[in-house]
Amino acid sequence: MSDGVVRVLTGPDTGRDPTTDAARELIAGLSLRPWGRVAPSVYESARLVVDAAWLPGHDERIGFLLRAQRPDGAWGPPEGYALVPTLSATDALLAALADGVPRPHLLGPAARGLAALTGGLLAADARTLPDTPALDLIVPALVESINDRLGRATIDLPPSPPLTLPPGLGPDRLRAVRAAVAAGAALPPKLAHFYEVLGAMPTDAGPTLTAVGASPAATAAWLSAAGPDAGPSAHEFLRQLIQDGRGTVPCPTPITVFERAWVLSGLRRAGVAVNPPAALVNTLTGATGATGVATGEGLPTDADTTSVALDALARLGRPADPAALWAYETADGFCTWPGSEDGFSVTTNAHVLDAFGQHLMAHPNADARYHRTLERLSFVLPQHQRPDGRWQDRWHASPYYATACCVLALVEFGRGGIAAEAVDRAAAWVLDSQRADGSWGRWAGTVEETAYALQVLLAAPTGAPRVADAVARGHAYLHKPSGPEHPPLWYGKELYSPTAIVAAAVLAACRQSAVHLAGTDRSVVDCGYQATKTAT
């Protein structure tokens, strides 16, 4: 290790590593807030306005919706990602206008929300809408709810025709699921996440249940139907979330295993020296079970969380056999959920490559099936690469996240020339897409996406002067004292931001880029500070 790297890691005088200090603070927060840290959700907070006005913080949630409305009347990120939050928020304002409490200040925002829906959001062809989970259930349910409120409205709103569904999207699946519920059929576990639009009651509900489907909205809908006394643990869960969020709630929550796996895997992969408490690491060992582990309580097990948990365990010195992942193998690669996923996920398959790669590092003489899996995924991932060098995924809106996942896995565990060529193309795309201010981002430069872009450049085996310049400018962007915004980019019912996971990605990129540049300690301190702010 060179003297320059030593200085970055230890500091000039104190012997302390500020990146590690920030990472330890982040990890301490994982135990203090075991449900996870997720930014407030427009969709979920609006559902509580509609379904659970009896919960504390009702007026604060309405105020949050008013503050979050865009100048054009919509809510949420750009493009079709605004449809679901705008439907949910508009429905909530209409419900609040009709609840008997005079709120004339809501008339304008509700009218602007309706105008945003009829003026473009609902006109988009369904094939162009982002593939967010259960879009074909949520959108028809909320359009139906808004139309019902408009039909019964006694409030002084401008005349509005009934909302129509986007071309190509119909109500058939929603009707079928609701009919199955009415007939007493058991729903697939994944649908618990969307109970608030299904008219369903969870079959496992009871006094010890904390959350329905890892969703505050689904949990609130159940308690509103069954009564708060039916679920004291769930009631306390909601009250705590509301208190922490000053009236708002996040989604998805809880994300205990998901958050811990991504934070620990990312930090250790970047060489950040962290040693989490044993109790925290033990929550990841469910990944070694027969079907793996789930993101959080109320959700089914999945290959993505299982793979990252296995990777984290291996990097923490507790490698485990990834045999549970065989249950997710398909003709195309590995699915996220067996038998219930509609599309291929490159990030899930990149994480599966990590998990099997870790196992073969510890057991190079393992069964040939493990080796064939590495060879197969080393071929499959490049087949899904876009012509310009990026990857795009169905669990994150930014191609920088998907590209980083694939590049990191292929560099560390990929086999064959096709994997190396794919990495080179990805690095070239990242270099070509850097913004003038040193950042990277799909819609605008963001700290999160800049961190992923830096991880790609620092993993790719190239030492071109252009790379050093790009890393220097990206590193400088990360530690700007003011700190940019951290928009939601992760796929849920709407886009969301898992703030601790984003913070870990920023810290990882800070550490790696500082080492690469043999930069000053001040850069690392500022960057760590920004990452810690991201998570709070």
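**Charged pairs, buried sites and a helix crossing**

Reply: In this predicted model, R369 counts as partly exposed, at 33% relative accessibility.

Me: With which residue does R369 form a salt bridge?
Reply: The closest N and O atoms of the pair are 3.2 Å apart. That is inside the 4 Å limit for a salt bridge. The partner of R369 is E329.

Me: How many residues apart in sequence are the parts that R369 and E329 tie together?
Reply: R369 lies in helix α15, residues 368–383. E329 lies in the loop between α13 (303–315) and α14 (346–362). The pair therefore ties together parts whose separation in sequence is 40 residues.

Me: Is E329 buried, partly exposed or exposed?
Reply: Buried means under 20% relative accessible area, and exposed means over 50%. E329 has 31% relative accessibility. E329 therefore counts as partly exposed.

Me: How many salt bridges does a search of the whole structure find?
Reply: Side chains of opposite charge can pair when their charged atoms come close. The pair R369 and E329 forms a salt bridge, and so does the pair D388 and R390. For the whole structure, the search finds 24 salt bridges.

Me: Which helices hold E412 and R269?
Reply: E412 forms a salt bridge with R269, with the closest N and O atoms 2.9 Å apart. The two residues sit in separate helices, so the pair ties together parts that are 143 residues apart in sequence. E412 is in residues 399–413 and R269 in residues 256–269, which are helix α16 and helix α11.

Me: Which residues are linked with R269 and E412 in a network of salt bridges?
Reply: R269 and E412 form a salt bridge with each other. Both also belong to a network of salt bridges.

Me: How far apart are the closest N and O atoms of D388 and R390?
Reply: D388 counts as partly exposed at 36% relative accessibility. R390 counts as partly exposed at 26%. The two form a salt bridge, and the closest N and O atoms are apart by 2.7 Å.

Me: Is T403 buried or exposed, and what does T403 contact?
Reply: T403 is placed in helix α16. T403 has a relative accessible area of 0%, so it is buried. Leaving aside neighbours within four places in sequence, its contacts are R390, W391, A426, W429 and V456.

Me: How many disulfides are there?
Reply: A disulfide needs two cysteine sulfur atoms within 2.5 Å. The sulfur of C335 is 17 Å from the closest cysteine sulfur, in C406, which is too far for a bond. For C406, the nearest cysteine sulfur is that of C405, 6.7 Å away, and C406 is in no disulfide. The count is 0.

Me: Are C335 and C406 buried or exposed?
Reply: C335 has 13% relative accessibility. C406 has a relative accessible area of 0%. The cut-off for buried is under 20%. C335 counts as buried, and C406 is buried.

Me: Which residues does A451 touch?
Reply: A451 is in helix α18, residues 447–459. At 0% relative accessibility, A451 counts as buried. Not counting residues up to four places away in sequence, A451 touches L478, A505, V506 and A509.

Me: How far apart in space are L150 and D91, C-alpha to C-alpha?
Reply: L150 lies in helix α7, residues 135–152. L150 counts as partly exposed, at 22% relative accessibility. L150 and D91 are 59 residues apart in sequence. In space, their C-alpha separation is 9.7 Å.

Me: Are α3 and α4 parallel, antiparallel, perpendicular or oblique to each other?
Reply: The axes of α3 (residues 42–51) and α4 (residues 58–68) come within 9 Å. They cross at roughly 140°. Roughly antiparallel needs an angle over 145 degrees, and roughly perpendicular runs from 65 to 115. The two helices are therefore oblique.

Me: What is the handedness of the crossing of α3 and α4?
Reply: Residues from both helices meet here, including V42 and S45 in α3 and H58 and R61 in α4. The crossing of α3 and α4 is left-handed.

Technical notes:
Residues are numbered from 1 along each chain as its sequence is written. This is a predicted model: local features need pLDDT of at least 70, side-chain atom pairs count only at pLDDT 80 or more; totals for chains, interfaces and linings use all residues. Side-chain values use heavy atoms; hydrogens and water are left out. A salt bridge is a side-chain nitrogen of Lys or Arg within 4 Å of a carboxyl oxygen of Asp or Glu. Helices (H or I, at least four residues) and strands (E, at least two) are DSSP runs, numbered from the N terminus. Buried means under 20% relative accessible area, exposed over 50%, partly exposed in between (1.4 Å probe, protein chains only). Contact means heavy atoms within 4.5 Å. Axes are lines fitted to C-alpha atoms, for helices over the stretch in contact, and angles run from 0 to 180 degrees between N-to-C directions. Angles under 35 degrees count as roughly parallel, over 145 as roughly antiparallel, 65 to 115 as roughly perpendicular and the rest as oblique. A crossing is left-handed if the near helix is turned anticlockwise from the far one by less than a right angle, and right-handed if clockwise.
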